[in-house]
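Have the sequence and the 3D view open as you read.

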Amino acid sequence: MRVLLLGANGYLGRFVADRLLADPAVQLTALGRGDDADVRFDLATGSPGALTRFLDAVHPGVVVNCAGATRGGARELTRHNTVAVATVCEALRRSGCGARLVQIGCASEYGPSQPGSSTAEDAVPRPGGPYGVSKLAATELVLGSGLDAIVLRVFSPVGPGTPAGSPLGRLAEAMRRAMQSGDGELKLGGLGVQRDFVDVRDVARAVHAASLSAAQGVVNIGTGRSVKLRDAAAVLARVAGYAGALHELDGPPVMRPGLIGSPRSGDGSLDHLAAPAPYPDGCGSWQQADVRTARDRLGWRPRINLEESLADIWMEAACRI
């Protein structure tokens, strides 16, 4: 099976590439903006015609799109998350390869959920920010393309390679600094948010399963269990061996651009303060996936628990000590 992977150098793309390469039946070609891609191509600026010619030459049976942007203004997000997908869909329509498309969506497309609820694929999407809007627009393009296509709505991916700028990445970095300086307490804010954390390696398994299946439409990829960020912090402290106290700040958190923890303040006290929106995904205080469709249509279940994911995040953070 010939697979064309778009966005192989990204956080999810790297693990998807590893998973596909482990399958001896897969012949993988990576297309992206980096120098280490098999073919360099920018989906946000490249033409559908150029991509069509490449598809006709490679003739893949499956195209997996992990490319996209999670940060930036509305125009940048639209260019990388929506326009790029429009290019992929148009190129596949023009091409004679007849490839199946596996598009990576995200839970931000749903927007805020009712606390205690599980979000199923038939929920009405109400994204709460430009990132979710740009990804939802991409999903609608895929679903309306007439292609053999599936969209995997991935909830909150964690595990090795977690970006340092993500909430759990920032939390691990704040803990690393506290341990390095010998601080006996860590003050954190904004930990009441609850998310469905799914290991990135399990996500890669889901992509592999979707590539081989005939399932179409939207499929949630999560664990079906929502976890408070404060509980994740406690687990991270345990796996890190941090014996200090974790103090959650009361009241609205003080603005720190993109940080959960900040360096020591001038008076010698710790000043670990969270940004007002520790998850700037527009999803409010709660998200939890209904994952029955993934089980029934892909034969997929998550295998890696949160403690193992957090241990891998900490191992990478600890290497910076």
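Which residues are buried in H6? Val200, Asp202, Val203, Ala204, Arg205, Ala206, Val207, His208, Ala209, Ala210 and Ser211 are, where buried means under 20% relative accessible area with a 1.4 Å probe, protein chains only. With 11 of its 13 residues buried, H6 is largely enclosed by the rest of the structure. This helix covers residues 200-212 and reaches 19 Å from first C-alpha to last, close to the 18 Å expected at 1.5 Å a residue (that is, 1.5 Å times one less than its number of residues). Helices here are DSSP runs of H or I with at least four residues, strands are runs of E with at least two, and both are numbered from the N terminus.

A word on what you're looking at: this is a predicted model, with local features needing pLDDT of at least 70 and side-chain atom pairs counting only at 80 or more, while totals for chains, interfaces and linings use all residues. Residues are numbered from 1 along each chain as its sequence is written, and side-chain values use heavy atoms, leaving out hydrogens and water.

Now for the sheet. Seven strands form an open sheet with parallel pairing, in the order S3-S2-S1-S4-S5-S6-S11; strands pair if DSSP finds at least two bridges between them. S3 (39-40) and S11 (217-221) sit at the edges with a single partner strand each, so one side of each has no neighbour in the sheet. S1 (residues 2-6) and S2 (residues 27-32) run parallel, joined by five bridges, and valine 3 has leucine 28 of S2 as its bridge partner.

| Helix | Strands touched | Angle with S5 |
|---|---|---|
| H3 (residues 74-94) | S1, S4 (62-65), S5 (100-106) | about 165° |
| H4 (residues 130-143) | S5, S6 (149-154), S11 | about 160° |

What about the inside? The largest nonpolar core has 34 residues, of which Val64, Leu152, Ile221 and Leu298 touch the most other members. H6 gives the most to this core, with seven residues. (Such a core is a set of buried Ala, Val, Leu, Ile, Met, Phe, Trp, Tyr and Cys residues joined through side-chain atoms within 4.5 Å.)

Over residues 251-278, though, the pLDDT is below 50. Where pLDDT is low, the predicted coordinates should not be read in detail.

Key:
Buried means under 20% relative accessible area, exposed over 50%, partly exposed in between (1.4 Å probe, protein chains only). Contact means heavy atoms within 4.5 Å. Axes are lines fitted to C-alpha atoms, for helices over the stretch in contact, and angles run from 0 to 180 degrees between N-to-C directions. pLDDT is the predictor's confidence in each residue, from 0 to 100.
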